[in-house]
Amino acid sequence: MKKAVDVNARTLEEEKKDFVLICKVFEVLCIVITAVFAFIAVVVTGISVSLGAGIKDVLVFSANSAILLFGMISALNFGRTIFKSLKSGETPFRYDIADKVKGASLALLLSSFLSILVLGGSCLISEAFAGICHYYFFILMSGFVAGGILGIMSYVMNYGCKLQQESDETV
(Lines give C-alpha, C1' and ligand atoms only; values in the text may rest on other atoms or scores of the structure.)
Protein backbone atom coordinates (compact mmCIF):
# COMPACT_ATOMS: atom_id res chain seq x y z
CA MET A 1 0.00 0.00 0.00
CA LYS A 2 1.34 3.43 -0.96
CA LYS A 3 1.95 6.03 1.67
CA ALA A 4 -0.04 9.23 1.48
CA VAL A 5 2.32 12.02 0.47
CA ASP A 6 1.61 15.70 0.69
CA VAL A 7 1.55 17.03 -2.88
CA ASN A 8 3.16 20.33 -1.87
CA ALA A 9 6.02 18.59 -0.06
CA ARG A 10 6.67 16.33 -3.05
CA THR A 11 6.61 19.29 -5.43
CA LEU A 12 8.98 21.26 -3.20
CA GLU A 13 11.44 18.36 -3.14
CA GLU A 14 11.27 18.08 -6.94
CA GLU A 15 11.82 21.83 -7.26
CA LYS A 16 14.84 21.66 -4.95
CA LYS A 17 16.35 18.82 -7.01
CA ASP A 18 15.78 20.76 -10.24
CA PHE A 19 17.21 23.93 -8.69
CA VAL A 20 20.35 22.12 -7.50
CA LEU A 21 20.79 20.60 -10.96
CA ILE A 22 20.44 24.00 -12.64
CA CYS A 23 22.94 25.54 -10.20
CA LYS A 24 25.42 22.74 -10.99
CA VAL A 25 24.95 23.29 -14.73
CA PHE A 26 25.50 27.04 -14.45
CA GLU A 27 28.52 26.53 -12.20
CA VAL A 28 30.11 24.29 -14.85
CA LEU A 29 29.03 26.73 -17.57
CA CYS A 30 30.90 29.55 -15.81
CA ILE A 31 34.05 27.42 -15.75
CA VAL A 32 33.68 26.49 -19.44
CA ILE A 33 33.09 30.09 -20.53
CA THR A 34 36.14 31.19 -18.54
CA ALA A 35 38.26 28.59 -20.33
CA VAL A 36 36.88 29.65 -23.72
CA PHE A 37 37.70 33.33 -23.07
CA ALA A 38 41.23 32.43 -21.99
CA PHE A 39 41.68 30.23 -25.07
CA ILE A 40 40.44 33.01 -27.38
CA ALA A 41 42.86 35.51 -25.84
CA VAL A 42 45.78 33.14 -26.35
CA VAL A 43 44.69 32.33 -29.91
CA VAL A 44 44.38 36.02 -30.88
CA THR A 45 47.88 36.68 -29.57
CA GLY A 46 49.20 33.53 -31.27
CA ILE A 47 47.64 34.46 -34.60
CA SER A 48 49.11 37.94 -34.45
CA VAL A 49 52.56 36.45 -33.78
CA SER A 50 52.20 33.88 -36.59
CA LEU A 51 51.15 36.59 -39.05
CA GLY A 52 54.40 38.37 -38.38
CA ALA A 53 53.12 41.22 -36.24
CA GLY A 54 55.73 43.36 -34.57
CA ILE A 55 56.45 43.16 -30.87
CA LYS A 56 54.63 46.44 -30.33
CA ASP A 57 51.46 45.10 -31.97
CA VAL A 58 51.63 41.83 -30.02
CA LEU A 59 52.03 43.72 -26.75
CA VAL A 60 49.04 45.94 -27.58
CA PHE A 61 46.88 42.91 -28.46
CA SER A 62 48.00 41.14 -25.30
CA ALA A 63 47.42 44.14 -23.01
CA ASN A 64 43.92 44.82 -24.32
CA SER A 65 42.97 41.14 -24.24
CA ALA A 66 44.37 40.72 -20.73
CA ILE A 67 42.35 43.61 -19.32
CA LEU A 68 39.09 42.40 -20.85
CA LEU A 69 39.88 38.82 -19.90
CA PHE A 70 40.63 39.78 -16.29
CA GLY A 71 37.24 41.46 -15.90
CA MET A 72 35.33 38.62 -17.53
CA ILE A 73 37.17 35.90 -15.61
CA SER A 74 36.62 37.76 -12.33
CA ALA A 75 32.90 38.16 -13.04
CA LEU A 76 32.56 34.53 -14.10
CA ASN A 77 34.40 33.40 -10.97
CA PHE A 78 31.93 35.41 -8.87
CA GLY A 79 29.14 33.71 -10.86
CA ARG A 80 30.61 30.29 -10.17
CA THR A 81 30.74 30.96 -6.43
CA ILE A 82 27.21 32.37 -6.49
CA PHE A 83 25.83 29.19 -8.04
CA LYS A 84 27.89 27.09 -5.65
CA SER A 85 26.36 29.01 -2.71
CA LEU A 86 22.85 28.84 -4.15
CA LYS A 87 23.12 25.09 -4.59
CA SER A 88 23.64 24.53 -0.87
CA GLY A 89 21.47 27.31 0.54
CA GLU A 90 17.82 27.57 1.35
CA THR A 91 17.07 31.04 0.04
CA PRO A 92 18.75 33.05 -2.71
CA PHE A 93 18.24 36.23 -0.72
CA ARG A 94 21.39 36.20 1.38
CA TYR A 95 23.82 39.02 1.92
CA ASP A 96 26.84 37.00 0.79
CA ILE A 97 25.19 36.34 -2.58
CA ALA A 98 24.23 40.00 -2.99
CA ASP A 99 27.85 40.94 -2.24
CA LYS A 100 29.13 38.50 -4.86
CA VAL A 101 26.76 39.93 -7.48
CA LYS A 102 28.04 43.39 -6.58
CA GLY A 103 31.64 42.13 -6.87
CA ALA A 104 30.94 40.76 -10.36
CA SER A 105 29.42 44.11 -11.29
CA LEU A 106 32.45 46.04 -10.05
CA ALA A 107 34.86 43.68 -11.82
CA LEU A 108 33.12 44.24 -15.16
CA LEU A 109 32.74 48.00 -14.69
CA LEU A 110 36.34 48.56 -13.58
CA SER A 111 37.86 46.40 -16.31
CA SER A 112 35.70 48.12 -18.92
CA PHE A 113 36.74 51.56 -17.67
CA LEU A 114 40.40 50.54 -17.66
CA SER A 115 39.96 49.09 -21.14
CA ILE A 116 38.70 52.44 -22.43
CA LEU A 117 41.84 54.13 -21.15
CA VAL A 118 44.16 51.51 -22.61
CA LEU A 119 42.19 51.28 -25.87
CA GLY A 120 42.61 54.98 -26.57
CA GLY A 121 46.38 54.76 -26.28
CA SER A 122 46.56 51.43 -28.09
CA CYS A 123 44.93 52.79 -31.24
CA LEU A 124 47.58 55.52 -31.35
CA ILE A 125 50.51 53.17 -30.70
CA SER A 126 49.66 50.28 -33.02
CA GLU A 127 48.43 50.71 -36.58
CA ALA A 128 47.49 47.02 -36.79
CA PHE A 129 45.35 47.34 -33.67
CA ALA A 130 43.71 50.54 -34.93
CA GLY A 131 41.98 48.50 -37.63
CA ILE A 132 40.27 46.19 -35.14
CA CYS A 133 39.91 48.39 -32.06
CA HIS A 134 36.19 48.82 -32.75
CA TYR A 135 35.72 45.11 -31.88
CA TYR A 136 37.38 45.63 -28.51
CA PHE A 137 35.27 48.75 -27.99
CA PHE A 138 32.11 46.73 -28.61
CA ILE A 139 33.23 44.09 -26.11
CA LEU A 140 34.07 46.63 -23.42
CA MET A 141 30.77 48.46 -23.93
CA SER A 142 28.94 45.17 -23.45
CA GLY A 143 30.98 44.80 -20.24
CA PHE A 144 29.69 48.18 -19.09
CA VAL A 145 26.10 47.17 -19.83
CA ALA A 146 26.45 43.78 -18.13
CA GLY A 147 28.19 45.40 -15.15
CA GLY A 148 25.43 47.97 -14.85
CA ILE A 149 22.72 45.31 -14.97
CA LEU A 150 24.54 43.25 -12.34
CA GLY A 151 24.91 46.39 -10.20
CA ILE A 152 21.16 46.95 -10.33
CA MET A 153 20.57 43.27 -9.55
CA SER A 154 22.86 43.50 -6.51
CA TYR A 155 20.73 46.29 -5.07
CA VAL A 156 17.58 44.27 -5.76
CA MET A 157 19.18 41.25 -4.07
CA ASN A 158 20.19 43.41 -1.09
CA TYR A 159 16.62 44.68 -0.78
CA GLY A 160 15.37 41.08 -1.01
CA CYS A 161 17.77 40.16 1.79
CA LYS A 162 16.27 42.86 4.00
CA LEU A 163 12.75 41.68 3.22
CA GLN A 164 13.78 38.06 3.89
CA GLN A 165 15.28 39.09 7.22
CA GLU A 166 12.07 40.94 8.19
CA SER A 167 10.00 37.91 7.18
CA ASP A 168 12.19 35.56 9.22
CA GLU A 169 12.01 37.85 12.26
CA THR A 170 8.22 38.16 11.97
CA VAL A 171 7.70 34.41 12.13
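**Chat about a helical chain**

Colleague: At what angle do helix α2 and helix α3 pack, and how far apart are their axes?

Modeller: Helix α2 (residues 55-88) and helix α3 (residues 95-125) pack at about 175°, and their axes lie 9 Å apart. Axes here are lines fitted to C-alpha atoms over the stretch in contact, with angles from 0 to 180 degrees between N-to-C directions. Helices are DSSP runs of H or I, at least four residues, numbered from the N terminus. Bear in mind this is a predicted model, where local features need pLDDT of at least 70, side-chain atom pairs count only at pLDDT 80 or more, and totals for chains, interfaces and linings use all residues. Residues are numbered from 1 along each chain, and side-chain values use heavy atoms, leaving out hydrogens and water.

Colleague: Roughly parallel or antiparallel, then?

Modeller: α2 and α3 are roughly antiparallel (over 145 degrees), and that follows from the angle.

Colleague: Switching to serine 115: which helix is it in, and is it buried or exposed?

Modeller: Serine 115 is in helix α3. Serine 115 counts as buried because its relative accessibility is 3%, where buried means under 20% relative accessible area with a 1.4 Å probe, protein chains only.

Colleague: What does serine 115 touch?

Modeller: Leaving aside residues up to four places away in sequence, serine 115 touches Ile67, Leu68 and Leu140. Contact means heavy atoms within 4.5 Å.

Colleague: And the whole chain, how many helices and strands?

Modeller: The chain has 5 helices and 0 strands. Its C-alpha trace spans about 75 × 40 × 20 Å along the principal axes.

Colleague: How much of the chain is buried?

Modeller: Buried residues make up 29% of the 171 residues.

Notes. Helices (H or I, at least four residues) and strands (E, at least two) are DSSP runs, numbered from the N terminus. Angles under 35 degrees count as roughly parallel, over 145 as roughly antiparallel, 65 to 115 as roughly perpendicular and the rest as oblique. Buried means under 20% relative accessible area, exposed over 50%, partly exposed in between (1.4 Å probe, protein chains only).
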